[in-house]
Structure formats: C-alpha cells, structure tokens
Amino acid sequence: FKEIQYIYGVPKEILLTFWALETDFGLFQGEYNTLNALLTLSHDCRRPSLFRPQIFGALELYTRGGFNPQRTKGAWAGEIGMLQMLPLGLLEYGVDGDNDGKIDIRTSAIDALHSTARKLASMGWKRNEPWLLEVRVPERMDWEKTGLTTTLPLVEWEKMGVWPRLGNFQNYDEVSLILPMGRKGPAFLTYPNFRVLSKWNNSSVYTTTAAYFATLLIGEPRYRLGSPEPILSLEEMVRLQKKLEQKGYDVGGVDGILGAKTREAVRQEQLRMKLPADGWPTKNMLSKI
C-alpha cells in the first residue's frame with residue numbers, strides 16, 4: 001500500500017473500500033461467463049456502444065494470454081477481477097504489480113490494487129487531498145444550493161453556517177454539500193476527489209457509501225445521525241416517481257430507488273411547493289403531490 005500511494009497518490013483506505021465493496025476482498029468475483037456477458041450486453045438496447053468495444057478488448061486480452069473465453073468469469077456486466085475492471089480498462093490500466101511477468105487481477109491482489117490506483121490517478125485523483133468531510137449545518141439555510149450540482153468556495157459555506165463536525169476546513173474552491181438523508185440527517189462536504197470516486201461508479205449511493213467507509217478506515221468517527229425523516233418505502237417511492245414522471249420530470253426510471261435524477265426531481269418539486277429543497281422525499285411531500 002505504501003508503494004502504491006508513493007507511485008499513484010491513492011491512499012490505502014480508498015483501495016480497501018473498493019476491494020471490499022466490489023468483491024469482498026476478492027472472495028466473490030462473479031459467476032458469469034465474461035464473454036457471454038459482454039456479447040449479451042452488446043446487443044442490449046440500453047448501452048451497446050459501451051459494451052461492443054469491450055468484446056474486442058477481451059479478444060486482445062486473449063491474444064496476450066490474459067483471457068480464456070471458456071473459463072474467464074466475472075460480474076454480470078462483464079467486469080473481471082478483484083476490483084472488477086472491464087477488458088478495455090484492464091488493457092489501459094493493468095499493472096504487473098508483483099513483477100511476475102503477467103497482469104492477473106483475478107488472483108494477484110497486488111496487480112489488482114496497482115491497476116485500480118493507476119486508473120483512479122488517471123481519472124484525476126489528487127494526491128494528499130481529502131474526499132469527504134462531515135459537517136454541521138444550521139436549521140435554516142439555502143437548501144437549494146446543496147447537492148453535487150453546486151460547488152462553492154468554503155468561505156461561502158461558512159457564511160451560511162456550515163462548520164466541520166470535527167477538526168478544520170481545508171481551503172478549496174470546488175466544494176459541494178450533500179445531504180444523503182435530507183437536511184435533518186448527516187451532512188458532508190465533498191471535495192474534488194469525491195467526483196473521481198463517482199467516475200468509478202456513477203451511483204450516488206455507492207459513491208457516498210464508499211467515500212464514507214473510507215473515512216472510517218482513516219479513523220474518523222461514525223456520522224452523527226441527527227433526526228432525519230423516515231425514508232419512503234419501496235411502494236411509496238415508486239408512487240412518488242410515477243407522479244413526478246406525470247409532471248414531466250426525468251427520474252431515471254420508476255424503480256423505487258432514490259438516485260440522483262429522482263433527488264433532483266424532488267428538489268425541483270420542493271421548490272415549486274415552497275418546501276425546503278434538500279432533495280429528500282417525505283411522506284408529507286408525497287401526500288401533497
């Protein structure tokens with residue numbers, strides 16, 4: 001881990017987090033035949049342009065002896081290895097970290113970790129910079145400015161009454177305030193490195209979970225829960241998404257999941273209804289819609 005951080009600037013806490021969340025430290029890397037998965041996804045109507053090139057990446061890996069069409073297995077979306085990389089990603093970022101003459105991210109943890117760090121560095125990870133900081137927020141503020149779509153200098157957040165829960169601010173201009181459970185729950189400032197993590201996995205829930213877990217690994221305390229309003233049930237969330245779609249909002253599909261698009265739709269509807277625009281749907285809001 002020390003060598004990896006020296007070379008790429010990515011700390012062990014971030015790598016451990018992805019290693020844990022992706023494959024339980026390599027214990028479960030997926031049971032889908034990778035070639036079959038890629039061929040199926042390349043004919044899927046949603047993202048064929050993403051997966052068709054991956055087939056040729058797998059063929060190139062095969063010519064290099066790093067891919068067996070019959071035996072290589074991984075995730076349903078074609079990723080392989082301890083840190084789950086697609087073939088083209090492995091071709092571009094793969095590293096022979098253990099110096100055994102081959103790149104094997106399925107059985108060599110060192111290769112997998114080096115390759116992941118190299119990928120994160122190429123996506124813009126900034127050495128010795130933070131990614132997430134828990135903060136306290138006032139009872140009243142301009143909630144519309146929360147969320148990843150708005151970035152402000154720390155001095156602007158300070159003027160609004162946002163302060164670190166522990167320690168001090170590190171002065172950055174591109175900082176966002178996120179409220180994963182609404183204005184009454186825990187609050188976090190996200191730094192530029194947080195956006196790099198979101199490039200690894202575009203799910204806001206995944207990225208926030210990973211970023212927070214990594215802060216626990218560096219010794220930060222568990223977040224202060226506060227008193228958030230209860231999350232909607234799956235049935236209620238589906239009903240909310242259907243109503244928002246009927247009003248013309250793009251919620252990213254009616255699936256019962258509170259993703260980034262649903263949160264933004266909720267925020268816009270909260271503004272229309274003159275409710276605090278924190279992007280957190282409540283039973284009260286659902287009843288008013």
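Tutor: Start with the word helix: a helix is a DSSP run of H or I of at least four residues, and helices are numbered from the N terminus. Keep in mind that this is a predicted model. With that term in hand, H9 can be named as the element that gives the most to the lining of the second largest pocket, with six residues.

Student: What makes a residue part of the lining of the second largest pocket?

Tutor: A lining residue has an atom within 4 Å of a point of the pocket. By that rule the second largest pocket is lined by 28 residues, and Ile-178, Pro-180, Ser-204, Thr-208 and Arg-263 lie nearest its centre. H8, H9 and H11 each supply at least two residues of this lining. The pocket has a volume of about 670 Å³.

Student: How is the lining of the second largest pocket divided by class?

Tutor: It has 13 nonpolar, 11 polar and four charged residues. Gly counts as polar here.

Student: What is the volume of the largest pocket, and which residues are closest to its centre?

Tutor: The volume of the largest pocket is about 1200 Å³. It is lined by 36 residues, and Arg-47, Trp-200, Asn-201, Asn-202 and Ser-203 are the closest to its centre. The largest share of its lining, four residues, comes from H5. By class, the lining has 16 nonpolar, 12 polar and eight charged residues.

Student: Asn-201 is on that list. Why is Asn-201 called partly exposed?

Tutor: Buried means under 20% relative accessible area and exposed means over 50%, with partly exposed in between. Asn-201 has 23% relative accessibility, so it counts as partly exposed. Its place is the loop between H8 and H9.

Student: How do you know that the side chain of Asn-201 makes a polar contact with Ser-203?

Tutor: The cut-off for a pair of N or O atoms is 3.5 Å. The side chain of Asn-201 reaches the backbone nitrogen of Ser-203 at 2.9 Å, so the pair is within the cut-off. Leaving out residues up to four places away in sequence, Asn-201 also touches Tyr-206 and Thr-207.

Student: Why is Gln-84 called buried?

Tutor: The limit for buried is under 20%. Gln-84 has a relative accessible area of 11%, and therefore it is buried. Gln-84 is in the loop between strand S2 (73-74) and helix H5 (87-93). Its side chain reaches the backbone oxygen of Gly-81 at 2.7 Å.

Student: What makes a space a cavity and not a pocket?

Tutor: In a cavity a 1.4 Å probe fits but cannot get out, whereas a pocket is open. A search of the whole structure finds one cavity of 30 Å³ or more. The residues that line the largest cavity include Met-181, Arg-183, Glu-229 and Trp-280.

Student: Which residues touch the most other members of the largest nonpolar core?

Tutor: Ile-14, Phe-18 and Leu-120 do, in a core of 43 residues. The largest share of this core, five residues, comes from H9. Ile-14 is in contact with Leu-120, Trp-125, Trp-131, Leu-197 and Ala-214, leaving aside neighbours within four places in sequence. A second, separate core of 18 residues includes Val-162, Tyr-172, Ala-187 and Tyr-191.

Notes:
Residues numbered from 1 in each chain as written. Predicted model: local features only at pLDDT ≥ 70, side-chain atom pairs only at ≥ 80, totals over all residues. Heavy atoms only, no water. Buried < 20%, exposed > 50% of the residue type's maximum accessible area, 1.4 Å probe, protein only. Polar contact = N/O pair within 3.5 Å; in protein donor to acceptor, adjacent residues only side chain to side chain. 1 Å grid on protein atoms, 1.4 Å probe; cavity = no way out; pocket = protein on both sides within 12 Å on 5 of 7 lines; lining within 4 Å. Points joined across faces, edges and corners; volume = space filled by probe spheres on them. Core = buried A, V, L, I, M, F, W, Y, C linked by side-chain atoms within 4.5 Å. Contact = heavy atoms within 4.5 Å.
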